[in-house]
Amino acid sequence: MSAVDVTIEICGMSGDGTIAAGGLLNGALSAAGFSVLAFDSYPAEIRGFGRCVTRTRAGESEMMALADKTSILISLDDEQSRSRIPFLRDDAVVLFDNRPVVYVGEGQSIAAHLEPKMNPFGIPFGDLAAEVSGARRGRNLTALGALAALFGLPGNAFHGAVKRKFQPKGERVLDANLKCFDAGYQYCRDTFKDRLERISRLGSRDKTGERELLSGNAAISLGALDAGLRLYFGYPITPATPIMEYLAKELPKKGGAVMQMEDEIASIGGVLGSFYAGKRAMTATSGPGFALMTELIAHATVAEIPAVIVDAQRGGPATGLPTKTEQSDLHAAVFGGPGDSARIVLAPTNVSECYYYTARSFGLAEKYQTPVIVLTDFFLDNRVENILPPKNRPEDIENGNVYPDPSKHGVYRRFEDTKTGISPRSIPGTEGFIFRTTGLEHTEEGFPDYSSANHMKMTEKRHRKIEGALTDLPEPVEFSPEGNLDLGVVTWGSTFGAALEAVQRAQGEGLKVGAMKISSIYPYHSDSIRSFMMRCNDILFPELNYEGQLANLIGHLFNKEVLRFNRVTGLPMSATDIYVRIRAIVE
Amino acid sequence: MEGNIVYSTDPEDFYYVDINVPCQSACPADTNIPAYIRALFEGEYQNSYDMNRAANILPGVLGRVCSRPCEDKCRHGEAELGLPVNICHIKRAASDFRKGKAASPFNALPGIDKKVGIIGSGPAGLAAAHDLACLGFSVTIYEAMGRPGGMLRYGIPEFRLPRQVLDIEIEAVLRLGVAIETGVSVGRDMDVDELLVKHDALLSATGCYRPIPLNVPGESLEGVHSGLEFMMKVCKGENVRLGDRILVIGAGFTAFDCARTALRIGAKEVSICLRRTEEDLRVTGDEILETKKEGVKIESLMLAKEILGKQSVKGVTFFRTRPGKNRDDGKRDVTPIAGSEFVLETDAVIVATGQRPGPFEAPGEKDENGLIIADREFFRASRKGLYVTGDYLTGPSTVIEAVAMGRRAAHRIARDLTGKAFYEKAVCLKDCQPTDRKRPWDFLPRQEMPTLTPVEKRFEIPDIEVETGYLKEQSREEAKRCYLCYLHYEIDMERCIYCRYCIDVAPRDCIKLVNGVETNDDGAIIGFVETSEWEKVNAVIIDNKRCIRCGECVRVCPMDCISVTKVELVDRKI
Amino acid sequence: MAEQHFVVIGNGPAGNEAALTLREHAPEARVTIISRERGGCFRPHFLPRFVVGKLAEEDLYLSSAVSYRDKGIKLRSGQEVVSVHPDKRKIILDHKEIISFDGLIIAVGGRPRIPENLMVFGDLMLTLKTVQDAKVWIRKLNETDTVLMIGGDLTSLSFTKQLVDVGKKVCFALNDDAFWPLRFDRYLYNQVAGRLRENGVEVLEYSRIRGMSLLSDGMIEVNTDYEKVRAGLVGAFFGLKPDIAFLARSGLKIDRGILVDEYLHAGFEGVYATGDCAQVFHPDLRDYWVSIGHDNAVALGRTAALNLIGERVRAEPDMACIFDVQGVQVNSSWWMEF
């Protein structure tokens with residue numbers, strides 16, 4: 001029997017409780033011991049209009065990407081769900097409400113559109129909810145109950161998730177929701193008892209440690225909190241807003257503060273000010289906001305002020321596609337801003353890395369006195385994974401500042417050109433370590449100086465400093481067999497999971513292919529990247545942008561033109577698409 | 001605002017009840033069904049029984065043998081809403097569980113010095129006697145049989161209607177001071193003129209006792225019985241022997257009663273032979289199922305051509321028939337197929353193809369069959385003082401129709417004799433609170449009538465009642481299912497803010513966005529002009545024809561602008 | 001004018017053949033099959049061999065579910081019609097979807113018939129009509145070696161043969177309703193009983209079933225007039241009865257099946273019934289006949305489809321195969337097949 005790998009979708013109109021149901025499903029699947037990766041999409045516009053879809057992939061092995069095809073669809077609104085049919089497997093199971101409030105014309109029920117091999121299960125979601133709770137509202141819960149019964153998922157895992165969600169709303173609400181769940185469960189147990197054996201039973205898995213469900217955004221927030229964040233400045237923008245929401249709730253509990261600024265320029269200004277004063281601070285934004293921040297980011301590079309900035313990418317350019325995913329801010333993150341303004345850019349590839357890279361970035365920013373940009377995207381921010389609970393590491397909490405030697409008392413040079421390029425930094429107000437600082441090019445003492453020699457020297461120093469940071473930055477990781485490869489797939493960010501899945505599938509079929517994950521976008525580890533590339537006949541960069549931005553950045557390390565696979569569909573990268581491309585190249 | 005009561009005789013309001021309280025308007029006797037179901041739910045068994053009795057006189061009897069036209073119309077039985085409420089079984093439960101006596105719910109009026117004679121003590125006669133006695137008339141019933149009850153006693157087998165139940169309800173009528181002379185056949189033992197002299201009015205409610213023959217050769221052979229005569233003999237306790245194999249020809253309750261009775265007196269193989277099909281039967285589904293369970297076979301599309309045999313019956317030749325179109329009366333045309341004859345062997349034939357009134361000696365105008373001519377509105381025959389009602393007037397009908405006819409005739413007589421009406425039909429409108437029904441109750445399964453099992457027991461004691469009756473809890477569960485359609489929900493458009501929360505929670509398309517309403521000449525709303533264009537919406541309206549009275553709209557309305565009114569068709573004392 | 005929409009209810013041999021014929025002869029029309037069964041059209045008469053493992057599941061199917069799309073036939077499988085309104089040319093599905101049609105062929109076949117007096121024991125008896133039924137048999141046969149068959153229809157006899165073949169101990173209660181669709185008589189009884197006994201089947205004396213109960217050890221005890229019999233499984237085989245409860249009050253003429261004329265026309269324009277659920281009038285016979293068996297169903301399915309698209313083909317039973325069953329003529333090659 002093949003390992004469980006199932007993708008479950010819930011689709012409805014906003015107001016149907018679709019997203020809530022998706023959340024409960026993730027919680028329950030996680031509690032049942034599955035690895036979970038989920039991604040919701042919902043209308044950009046004001047709540048109350050539009051389609052909501054939650055997609056959850058659950059399985060025994062670690063889930064890294066979404067699947068192309070859905071195995072189980074729960075339709076809470078047939079009109080909306082029709083659009084999902086092309087994404088269903090041939091043998092998909094479809095749960096729908098067979099007792100809509102009114103009779104519908106031909107084609108208005110999802111049943112009209114299913115292919116013959118699909119398995120429709122008509123379940124009176126609304127009526128069952130009304131039957132036990134008095135209102136149709138709880139039909140998202142009856143749908144979950146139905147799902148649990150049909151696929152043999154443990155009811156107590158769902159009960160637990162429901163309790164966690166609804167306990168705060170009072171016993172009555174909790175009770176109504178539990179009853180709705182049980183009604184759906186019991187109905188399917190009774191009604192479909194002879195059909196149950198036809199569909200694969202999922203059951204539950206042994207847990208490998210207690211898992212925690214986190215979204216990328218939550219992981220980022222948690223990472224920042226655990227690293228000792230004191231101040232958060234921000235201005236709302238999709239998809240970064242949940243970070244501010246999370247911190248607004250949690251940061252004050254730890255004695256910190258969240259401040260909503262008038263815009264992104266003010267936000268980055270606040271971050272620079274805090275770090276300048278020696279306190280850890282952060283801002284998070286998306287492409288349009290990041291563009292506004294670039295001048296002050298460049299300022300931080302020249303004035304050598306630490307900063308942590310999350311750029312949660314979305315479809316661009318400019319306002320672009322606010323609720324879609326894309327990886328097209330790489331150029332802006334690495335190069336955005338006036339002048340040669342080298343900075344550190346880290347790109348997590350999963351929820352766990354969202355936590356660790358964010359937590360790490362504070363110490364890096366302090367040590368290298370530079371902005372650190374954590375580059376995520378919509379799909380990574382909003383995906384939910386159940387990960388091993390992140391561990392708060394001492395090195396992330398530890399102050400990264402390189403303070404001046406006490407012997408320099410009175411003779412302190414703030415921008416001293418050391419071997420590493422790291423000039424010891426004093427916190428303003430330290431007696432005997434007073435310094436000048438400016439966004440103008442300056443001497444080691446901090447006096448403005450436009451002389452050619454000085455500009456040459458100081459620019460080189462700052463770049464040397466950033467290059468030197470490589471030792472502290474996550475190394476590229478290879479996923480390949482020994483020896484020469486027909487193809488190497490180099491990948492970053494949210495695309496990594498799909499790429500790895502595609503490569504492993506190809507490897508499983510005997511193809512000589514490998515993958516490399518790049519987490520440190522800038523500076524990058526040229527040597528290890530080059531040595532991987534040299535083992536490969538061809539190099540492929542799958543990216544969710546049109547230009548091939550990582551390929552442009554590091555493709556020159558290969559001895560011939562690299563291949564690209566660029567998608568700007570607004571959707572997460574598909575493992576199948578990459579796999580197909582791999583096969584095409586290799587054969 | 002409980003208590004604000006208005007009585008209306010506006011045609012608009014009668015129209016409303018007709019459309020929106022389907023069960024009450026389907027009942028020939030206008031039984032206030034939602035009210036008695038509600039009373040039973042509240043544990044008021046006696047009250048529930050009395051409400052029935054006020055309309056239909058014989059709740060215990062009707063709770064068993066009523067033809068249940070109400071259930072066909074019950075809103076709960078609409079396509080998407082499940083099965084109709086078992087109204088009849090609830091009626092029986094009220095009768096089974098009441099504590100008090102079957103006394104008259106009417107207050108007897110001061111005596112009126114007028115005498116009315118009633119011929120026949122079947123349902124029509126009993127109902128008429130009851131109402132006239134309540135109004136203060138002195139009433140005497142003349143009954144040809146040994147005991148009162150007419151067809152109820154002599155036409156319906158005891159396993160469907162225990163005689164004890166019948167006796168109690170007849171007794172309740174007689175206790176009002178109604179005199180009865182049994183064993184007196186009018187026309188044979190005394191004549192109509194004589195009675196007309198003795199009484200200020202004489203009501204003939206003699207029913208239909210003349211079997212309609214098949215009119216085929218061989219009908220007079222030994223072993224050929226008329227259904228009614230067969231039933232009467234068995235009911236009288238006579239020893240009837242039929243043989244092993246029986247064919248019952250007919251499709252009504254009588255045919256089924258005969259077939260089941262035949263099994264109980266020892267027949268081995270009984271078939272009911274239908275001219276049409278099982279699908280066309282008017283007998284209730286439960287009845288058909290129980291009959292089949294007992295082993296009766298139902299055979300269809302056959303028309304008797306000839307009964308075979310020398311002295312006693314040996315078999316029947318049938319034509320195969322072909323069904324045609326549905327006639328206006330809802331029955332399907334059938335035509336025999338020439339040359340399709342086939343023979344079924346049998347030991348006896350019971351012909352239960354219906355009955356009609358038999359002529360009896362009476363003065364005044366008669367029709368070509370010798371039957372007294374009377375009109376159905378005023379019940380008057382040509383001879384002054386002589387009235388006719390019940391099945392004699394209408395042809396064979398149902399118990400509930402006979403009761404209704406009897407009562408109406410009584411009120412006509414009362415009016416003719418005193419020159420005034422005592423009661424009028426009115427629509428009672430009463431402000432009330434939203435229902436306390438729970439939405440989950442709409443999904444309760446229909447409580448089926450428990451029956452005596454295993455089937456063999458039914459043959460050990462042939463008179464034992466087959467339907468054993470609800471337990472108290474079952475009757476309450478079934479009562480919960482009633483939507484209480486006598487409640488009227490209305491949105492006050494003066495206060496409505498068009499938020500449409502009510503539409504969001506509506507269980508079906510019962511709340512409508514409308515541009516306007518359609519009315520008939522009486523001003524009654526007969527339809528809505530719905531619109532999906534927001535600019536054209538002039539009102540948010542509850543369509544009480546679609547409404548299942550779940551009350552969800554009232555609960556969510558932020559403006560509290562949905563009012564509830566109880567609407568009942570009542571007999572109002574004038 | 002919008003394209004014509006032909007709807008076939010049922011995807012057994014008759015419905016499937018009707019849809020294929022419509023597709024072939026009316027290429028412009030839209031053809032929809034609505035089938036309560038999941039998957040494609042399977043051959044019910046193969047079920048006994050499937051149960052005993054002589055046939056793989058995929059061999060049961062005449063055509064795969066997917067192939068309908070290629071043929072341009074919309075197959076709605078796992079969907080149920082709950083009412084038909086032939087006058088309004090609409091049908092309503094269980095999930096409250098209303099479908100309009102220009103032509104309708106009803107080919108819903110039958111469902112296992114359980115005599116009314118045995119209905120209370122319904123939970124204790126297995127039937128064999130669907131693939132699902134077969135799987136229940138397969139599962140339960142793993143746990144027992146004794147089977148009691150009640151009834152005596154075509155399926156039961158061929159099933160008995162298969163069960164004996166794989167070493168099961170079969171006991172047969174040929175009773176009142178035995179030999180459906182043939183009328184019971186002593187001659188037939190002796191013939192069949194003899195044949196069964198030759199095959200090693202224990203045949204009970206003719207008697208009625210009086211009671212049935214589940215014993216604690218999973219055995220079922222059956223009481224007849226004369227004896228008590230125990231078996232691990234009890235199968236009820238009283239033939240099929242047309243599955244047409246959903247047509248009640250539709251206005252269609254219903255007797256044991258849907259009454260149709262010799263052209264399978266059901267009395268409303270464009271509405272036909274065919275296969276096991278049709279009760280066909282035969283002008284020469286001056287009576288109705290119903291048909292059972294796979295080949296008959298296919299032939300009838302084709303006839304209905306041709307008549308729907310304007311031809312005038314008479315449904316003709318093979319007179320040699322007509323039996324009288326309780327007043328209804330049955331067209332069956334039953335005797336030959338047994």
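Modeller: Two strands count as paired if DSSP finds at least two bridges between them; the strands themselves are DSSP runs of E, at least two residues long, numbered from the N terminus. This is a predicted model, in which local features need pLDDT of at least 70 and side-chain atom pairs count only at pLDDT 80 or more, while totals for chains, interfaces and linings use all residues. Residues are numbered from 1 along each chain as its sequence is written, and chains are lettered from A and ligands numbered from 1 in the order in which they are written.

Across the boundary, β6(A) runs parallel to β6(C), residues 97-100, and two bridges join them. Within this pairing, A:Val104 stands opposite C:Glu97.

The surrounding interface brings 18 residues of chain A into contact with 20 residues of chain C, contact meaning C-beta atoms, placed from the backbone, within 7 Å. On the chain A side, β6 (104-105) and β7 (119-122) each supply at least two residues. The greatest contribution there comes from β7(A), with three residues.

In chain B, three strands form an open antiparallel sheet in the order β21-β20-β22. Five bridges join β20(B), residues 511-519, to β21(B), and B:Glu518 has B:Gly527 as its bridge partner there.

Methods
Contact = placed C-beta atoms within 7 Å. Helix = DSSP H or I, 4+ residues; strand = E, 2+ residues; numbered from the N terminus.
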